[in-house]
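Subject: Structure handover

Hello,

Here is the structure I said I would pass on. My notes on it follow below the model.

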Amino acid sequence: MVELKKLLKSSLRAFNEMLRRRTPEARTEGARKAHPAMVPIRSLGARHRKRIEEHLLSLEPQDRYLRFGYAANDEQISRYVEQMNFERDEIFGIYNRKLELIAMAHLAFLASASYESWGEFGVSVLSKARGRGYGARLFDRAVIHARNHGVSLLLIHALSENSAMLKIARKAGATIERDGSESEALLRLPPATMDSFMTEMMEEQLALNDYRIKVQLKRFWNFLTGVQEIRQGVRDARKKTGM
Ligand SMILES: CC(C)(COP(=O)(O)OP(=O)(O)OC[C@H]1O[C@@H](n2cnc3c(N)ncnc32)[C@H](O)[C@@H]1OP(=O)(O)O)[C@@H](O)C(=O)NCCC(=O)NCCS
C-alpha cells in the first residue's frame, strides 16, 4: 500500500520534471508559468455521466450561477448532463483518491460559418479543491486538446464578477470584452505541433494510469474494511458466547 503510494508519487515527480524540462512550446503562447504540481487530468466518456452529474449538482447556488451564467436548478443541470455530446465534445476531469470528481471542464466544439474552427470552454472546481491550480490546469489541457483538433479560437463566457475565470483566460493571453455583467474572453490558439500532440498523449496516459491505481487502491481499502468488519463481528460474537 505504502509502496504503491510511493511509486505513484515518484512517477508523478519524474513526469513533472520531464514536462518542466520540455520546451516552452508545450504550453500555449503567452500562457502562465505552469503551476508547480502535475495534475493527472483524464478524458471523461459517457460512462462518467453519473459522476459528472453528481459533481455539478454539488455546486453551491452561486457557483452554478458563475458556471452556467444563470441560477441553474437540479433539473436544468441534469438535462445539461444528459445532453452532453461525448462524441463531438471533450470532457476532462480530475479525481481525488476517493474517486470523487473534484474538478471538470467541458470543451465544446462549435459549428462555425467561417473557415475558422471554434471551441467553448466551461469549468468547475469544487469549493474544497479551489486555489490549487486545478482550474488553470484544466484550461491548459483544454487548450492543448483544442489545438490538436484544429480549433483556432477558444471562447469563454464568464460573468464580469468572475475574477478567477477571467484571470485564467487573461493569463493565457485571451482578449476580454466586457459587456456589463457579462464578459467574453477570446483566445487565439497556435496550430498543433508534434510537441503539442506528444504532450497530450503523455498527459492522457499518465492520467489513465493514475486513475487505474486509484481504483485499485479503493478496492483494496474496501477489501481491508470488509476484513476488519468480519474480524470485529467474530470478536463480538465470541464475547457474547463467552468463548
Ligand atoms: C473559476 C474556477 C474554476 C477557478 O478554479 P481554481 O482551481 O480555484 O483556480 P486556480 O487555482 O487555477 O486559480 C487560477 C487563478 O485565479 C486566481 N484566483 C482563484 N480564485 C480567485 C478569486 N476568488 N478571486 C480572484 N482570483 C482568484 C488564482 O490566484 C490563480 O491566479 P494565479 O495563477 O495568478 O495564482 C472556480 O473558482 C470555480 O469552479 N468557480 C465556479 C464555476 C465557475 O465560475 N466557472 C467558470 C465559468 S465557465
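To start with one spot: Leu99 lies in the loop between β2 (90-95) and β3 (101-110). Helices (H or I, at least four residues) and strands (E, at least two) are DSSP runs, numbered from the N terminus. Residue numbers count from 1 along each chain as its sequence is written. The model is predicted: local features need pLDDT of at least 70, side-chain atom pairs count only at pLDDT 80 or more, and totals for chains, interfaces and linings use all residues.

Back to Leu99. Its phi is near 60°, a positive value in a residue other than glycine. Most residues other than glycine have a negative phi. Leu99 is partly exposed, because 13 other C-beta atoms lie within 10 Å; a residue is buried with 20 or more such neighbours within 10 Å, exposed with 12 or fewer, and partly exposed in between, with C-beta atoms placed from the backbone. The hairpin of β2 and β3 has five residues between the strands.

β2 and β3 run antiparallel and are joined by six bridges, with Tyr95 opposite Leu101 in β3. Strands are taken to pair if DSSP finds at least two bridges between them. β2 is also joined to β1 (residues 42-44), by three bridges and again antiparallel, and here Leu44 stands opposite Ile91 in β2. Five of the six residues of β2 are buried, so β2 is largely enclosed by the rest of the structure.

As for the whole chain, it has seven helices and seven strands. From the N terminus their order is α-β-α-α-α-β-β-β-α-β-α-β-β-α. Of its 243 residues, 28% count as buried. Among contacts with a separation of 6 or more, 64% are between residues 24 or more positions apart; a contact means C-beta atoms, placed from the backbone, within 7 Å.

Next, the ligand. Which residues come nearest to it? Of the 23 residues around the ligand, they are Leu66, Arg130, Gly135, Ala136 and Ala164; a residue is near if its C-beta atom, placed from the backbone, lies within 6 Å. α3 (61-68), β4 (118-125), α5 (134-148) and α6 (163-171) each supply at least two residues of this shell, and α6 gives the most, with six. The shell divides into nine nonpolar, seven polar and seven charged residues. Here Ala, Val, Leu, Ile, Met, Phe, Trp, Tyr, Cys and Pro count as nonpolar, Asp, Glu, Lys and Arg as charged, and the others, Gly among them, as polar.

In α6 the buried residues are Met165, Ile168 and Ala169. They cover an arc of only 95° around the axis, which puts them on the same side of α6; the arc is that of the directions from the helix axis to the C-beta atoms. Covering them are, among others, α5, β5 (153-159), β6 (175-179) and β7 (182-188). After α6 comes Gly173, with a positive phi near 105°.

Last, confidence. pLDDT is the predictor's confidence in each residue, from 0 to 100. The chain has a mean of 86, and 84% of its residues reach 70 or more. The mean is lowest in α1 (residues 2-21), at 56, and highest in α4 (residues 74-82), at 98. Over residues 21-34 pLDDT stays under 50. Where pLDDT is low, the predicted coordinates should not be read in detail.

Regards

Terms used. Contact = placed C-beta atoms within 7 Å.
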